[in-house]
Amino acid sequence: MSAEPMLQVHNLRAYIGTPRGVVRAVDDVSLAVDRAQALGVVGESGSGKSVMARAIMGLLPPRAGCSGEVLFQGRSLLTLPRKEKAEIWGKQIAMVFQDPGRSLNPVVRVERQLTEGMRRLLGVSRTEARGRALDLLREVGVPDPERRLRNYPHELSGGMRQRVMIAIALACEPELLIADEPTTALDVTIQRQILDLLRRVQRDRGMSLMLISHDLAVVAGQTDRAAVMYAGRLAEVGATRQVFETPRHRYTHALLEATPTLEHERNTPLRLIPGALPDPTNLPEGCRFTARCAQADDECRIPGPRMAPVGPDHFAACTRPVTEHTVVPAGGGLGGR
């Protein structure tokens, strides 16, 4: 098996034109997803996680653009002709979106939405596609799949719609699945079921997974590696256990201290992060967390900092890295194998 990562992102930038100016939503991001690996991308809302995923998938809005390099199995996605891209999307790379209620077509039955991709991309017959659709619904835990194929999306619960969305994403047996906040609209119990489902399917199929979430517990419990984003840039990257047990960037450390854990005393207030993310149309040239960091000094305001090793296979972009120990957020333990 090739040692080359499934997905490589180099110096990716994504920008969106607005009446107030150009938003640098993703700014010089580089990361990789290995084969059969689950990478979690975490950060506050507005940190650029979803825009990065959409840039990778070629789904940016009309006023947006991007630059850099995105390689999938060595092929440059940003420069591929439209016809060649169409052979990759859905068949080799698939995406699960945040809200299945908006992603599923409300006037089309589940069967058609599940089978049309298989028939178009794999060239299978209607009968074979229907059989595969039934198998997929069983795989993702949908009861009575025969009846569900005849349903419209509004006849399903939120959790069931998300399972159908996952089945659609898996229909053409992709090698990489990007899940963008796949549980945000669901209650806690269903969230856990969907996350466990994604992790099980990823392992069973030997598939690569990029799991995007604002919830640290989600990433801590379901991934092998973690990438922390802040204001469009990567703050820290490493094995999930390293990042959450020994965070080195001040932002990662602050996120963890603002997250409840099993060891947190009931009546003790959490250490909330003061302030807010910087104006995306007027970003500082130095560390973008400087205005919210109690340890910031003049060196933090110098353009940069760049990613640097802070441990074995552990990188952070911080001039004053954390040295004290912290605890992981509650929510199912740490990922890894």
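Contact, as I use the word in this notebook, means heavy atoms within 4.5 Å. I am working from a predicted model, where local features need pLDDT of at least 70, side-chain atom pairs count only at pLDDT 80 or more, and totals for chains, interfaces and linings use all residues. Residues are numbered from 1 along each chain as its sequence is written, and side-chain values use heavy atoms, with hydrogens and water left out.

**Entry 1: Asn151**

I looked up Asn151 and found it in the loop between α6 (145–150) and α7. Helices (H or I, at least four residues) and strands (E, at least two) are DSSP runs, numbered from the N terminus. Is Asn151 buried or exposed? Asn151 is buried, with a relative accessible area of 9%; buried means under 20%, exposed over 50%, and partly exposed in between, using a 1.4 Å probe and protein chains only. Leaving aside neighbours within four places in sequence, I find Asn151 in contact with Arg109, Val110 and Leu156.

**Entry 2: the eight-strand sheet**

Next I traced an open sheet of eight strands, with mixed pairing and the order β6-β7-β8-β3-β9-β10-β12-β11. Two strands pair if DSSP finds at least two bridges between them. β6 and β11 (308–311) are the edge strands, each pairing on one side only. On average, neighbouring strands of this sheet are turned by 20° against each other, direction ignored.

I then followed some pairs. β3 and β8 are parallel, over five bridges, and Ala38 stands opposite Leu209 in β8. β3 (residues 38–42) also runs parallel to β9, joined by four bridges, with Ala227 in β9 as the bridge partner of Val41. β9 pairs with β10 (residues 233–239) in the antiparallel sense, over six bridges, and Met229 has Leu234 in β10 as its bridge partner. β9 and β10 form a hairpin with two residues between them, and Ala231 in the turn has a positive phi of about 50°.

How many residues of β9 (residues 225–230) are buried? Six of its six residues are. I checked both faces of β9: Arg225, Ala227 and Met229 are buried on one side, and Ala226, Val228 and Tyr230 on the other.

**Entry 3: helix α11**

I turned to α11 (residues 250–257), where seven of the eight residues are buried, so this helix is largely enclosed by the rest of the structure. The buried residues are Arg250, Tyr251, Thr252, His253, Ala254, Leu255 and Leu256. They pack against α9 (216–222), β9, β10 and α10 (240–245). α11 lies across β9 and β10, running at about 100° to β9. For such angles, axes are lines fitted to C-alpha atoms, for helices over the stretch in contact, and angles run from 0 to 180 degrees between N-to-C directions.

**Entry 4: the four-strand sheet**

I also found an open sheet of four strands, antiparallel, in the order β2-β1-β4-β5. β2 (21–33) and β5 (75–76) stand at the edges with a single partner strand each, so one side of each is left without a neighbour in the sheet. Two bridges join β4 (residues 64–72) to β5, and Phe72 stands opposite Arg75 in β5. Helix α1 (residues 49–57) lies across β1 (7–18), β2 and β4, at about 110° to β1. α1 also lies across β3, β6, β7, β8 and β9, running at about 145° to β8.

**Entry 5: the cores**

A nonpolar core is a set of buried Ala, Val, Leu, Ile, Met, Phe, Trp, Tyr and Cys residues joined through side-chain atoms within 4.5 Å. Which residues touch the most other members of the largest core, which has 39 residues? I noted Leu114, Met118, Ile166, Leu170 and Leu177. α7 gives the most to this core, with seven residues. Leu170 touches Leu136, Val140, Leu177, Val201, Arg205 and Met207, not counting residues up to four places away in sequence. Apart from this core lies another of 34 residues, among them Met6, Val33, Val41 and Leu80.

**Entry 6: pocket and cavity**

Last, I looked at the spaces. On a 1 Å grid over the protein atoms alone, a cavity is a set of points where a 1.4 Å probe fits but cannot get out; a pocket is an open set with protein on both sides within 12 Å along at least five of seven lines; lining residues have an atom within 4 Å of a point. Grid points are joined across faces, edges and corners, and a volume is the space filled by probe spheres set on the points.

The largest pocket has a volume of about 610 Å³. Of its 24 lining residues, Gly90, Met95, Gly117, Arg120 and Ile168 are the closest to its centre. α4 supplies the largest share of the lining, seven residues. The largest cavity has a volume of about 80 Å³, and its lining includes His249, Arg250, Cys287 and Cys318.
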